[in-house]
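Here is a short briefing for a reader who is new to this structure. Please keep the sequence and the 3D view at hand.

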Amino acid sequence: MNQRTIKKAIAITGIGLHSGEPVDLEFHPQPIDTGIIFERSDIEGSAPIPASAFLVQDTMMSSNLVFGGTRVGTVEHLLSAIAGLGIDNLLIRVSASEIPIMDGSASPFIGLLLQSGFCEQDAPKKFLRIVRPVRVNVDDKWAELRPYDGFELNFEIDFEHPAFNKDYQHAQLQFSTQNFIEQLSEARTFGFLQDIETLRKNNLALGGSMDNAIVIDDTRVLNTEGLRFADEFVRHKILDAIGDLYLIGYPILGRFNAYKSGHALNNLLVREILSDENNFEIVTFDDNVTSPIEYLPLKGLTVEG
Ligand SMILES: [Zn+2]
């Protein structure tokens with residue numbers, strides 16, 4: 001199984017969740033072993049910002065990278081889409097300090113990247129295989145990765161709130177491109193009305209609306225169209241985790257279990273794993289061995305734009 005980049009450059013415009021202003025986003029193919037890198041198109045000569053867990057500086061509402069004083073915020077939904085499609089090498093140019101929020105899910109990014117199509121590159125795809133369990137916790141929240149032949153995610157949330165049905169607060173995903181696209185990519189971010197009002201008073205979330213988030217008041221979901229899945233909240237938490245975990249620098253082979261985790265704890269887990277080389281190994285799969293993760297065949301994914 002080989003590395004993958006996109007076939008041709010492609011662009012999209014959305015709005016920034018915090019600024020409320022239009023943000024231009026461009027994707028460009030990259031050579032073997034580049035990894036995922038960001039660049040600020042509004043700052044002349046800005047250095048590339050690698051998608052690395054060690055550059056995550058604040059996790060207030062999203063995962064935000066800061067490198068040499070330059071910031072690219074709200075990277076997790078885009079990184080989740082990139083991980084979902086198995087893209088190894090990509091340059092993302094963005095015209096502001098945050099990735100546009102689009103509809104609050106990963107689906108618009110998936111649509112755009114599929115339009116570009118994919119190129120298989122002449123070098124083996126590298127995976128990070130978890131070889132011993134690693135767990136982090138803060139208060140009653142925890143997250144862990146365990147050895148597993150594939151990539152499985154189990155997530156549980158625990159909201160005491162009438163909008164959160166007790167039966168729909170746990171979800172499991174066997175990671176594959178198809179499962180990602182069908183079961184996860186459309187799950188939107190969510191927020192509570194009273195938090196959004198507080199954020200607005202502090203000049204944050206100015207672009208936030210029911211067009212890009214599920215908004216919940218004291219009793220119910222306010223979006224007239226309702227939820228996309230009965231368990232959309234926990235599916236979105238898995239979507240976030242896949243994006244946060246991709247900051248480890250490779251697709252992961254392991255089982256991720258989490259209880260009430262979020263961006264901060266996901267980042268702590270990644271740093272904890274990378275802090276000791278005995279926790280993991282980097283592996284590749286040659287042509288004769290089936291990879292434990294199923295990315296759709298390139299031709300199956302390519303939509304000529
Ligand atoms: Zn999210």
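This is a predicted model: local features need pLDDT of at least 70, side-chain atom pairs count only at pLDDT 80 or more; totals for chains, interfaces and linings use all residues.

Residues are numbered from 1 along each chain as its sequence is written, and side-chain values use heavy atoms, with hydrogens and water left out.

- Helices (H or I, at least four residues) and strands (E, at least two) are DSSP runs, numbered from the N terminus.
- Buried means under 20% relative accessible area, exposed means over 50%, and partly exposed lies in between (1.4 Å probe, protein chains only).
- A salt bridge is a side-chain nitrogen of Lys or Arg within 4 Å of a carboxyl oxygen of Asp or Glu.

**Salt bridges**

- The count comes to 18 salt bridges.
- One of them joins Arg228 and Asp103, with the closest N and O atoms 3.1 Å apart.
- This pair links distant parts of the chain, 125 residues apart. Arg228 sits in the loop between strand E17 (214-216) and helix H5 (232-246). Asp103 sits in the loop between strand E9 (90-94) and helix H2 (107-116).
- Arg228 is partly exposed, at 37% relative accessible area. Asp103 is buried, at 16%.
- Asp140 and Lys260 also meet through their side chains, at 2.7 Å from N to O.
- Asp140 lies in the loop between E12 and strand E13 (141-146), and Lys260 in the loop between strand E18 (252-259) and helix H6 (263-274), so this pair ties together parts that are 120 residues apart in sequence.
- Asp140 is partly exposed, with a relative accessible area of 40%. Lys260 is partly exposed too, at 24%.
- Lys166 pairs with Asp158 in another salt bridge, where the closest N and O atoms are 3.2 Å apart. Asp158 is partly exposed, at 32% relative accessibility.
- Glu26, Glu39 and Arg93 form a network of salt bridges.

- How many residues of helix H1 (residues 76-84) are buried? Nine of its nine residues are, and the helix is mostly covered.
- The buried residues of H1 include Glu76, His77, Ser80 and Gly84.
- The backbone oxygen of Gly84 lies 2.8 Å from a polar atom of the Thr177 side chain. This is a polar contact: a pair of N or O atoms within 3.5 Å, where within protein one must be able to donate a hydrogen and the other to accept it, and residues adjacent in sequence count only if both atoms are side-chain atoms.
- Thr177 belongs to helix H3 (residues 177-184). Thr177 counts as buried, at 0% relative accessibility.
- Gly86 follows H1 and has a positive phi, near 70°.

**A negative surface patch**

- Which residues form the negative surface patch? They are Glu120, Asp122, Asp286 and Asp287.
- Patches are made of residues with over 30% relative accessible area and no salt bridge; like charges are joined within 9 Å, and nonpolar side chains (Val, Leu, Ile, Met, Phe, Trp, Tyr) within 5 Å.
- Asp122 is part of strand E10 (residues 118-124). Asp122 is exposed, with a relative accessible area of 73%.

**Positive phi outside glycine**

- Asp139 is not a glycine, yet its phi is positive, about 50°. Asp139 is in the loop between E12 and E13.
- Is Asp139 buried or exposed? Asp139 counts as exposed, at 72% relative accessibility.
- Lys260 is not a glycine either, and its phi is positive, about 55°. Lys260 is found in the loop between E18 and H6.

**Distances across the chain**

- Arg135 is in strand E12 (residues 134-138). Arg135 counts as partly exposed, at 46% relative accessibility.
- Arg135 and Ile82 are 53 residues apart along the chain, and their C-alpha atoms are separated by 25 Å.
- Ser97 lies in the loop between E9 and H2. Ser97 is partly exposed, at 32% relative accessibility.
- Ser97 and Lys8 are 89 residues apart in sequence and 24 Å apart in space, C-alpha to C-alpha.

Methods. Accessible areas come from the Shrake-Rupley method with a 1.4 Å probe; for residues, only the protein chains shown count as cover. Lys and Arg count as positive and Asp and Glu as negative; His and the chain ends are not counted. The place of a charge is taken as NZ of Lys, CZ of Arg, CG of Asp or CD of Glu.
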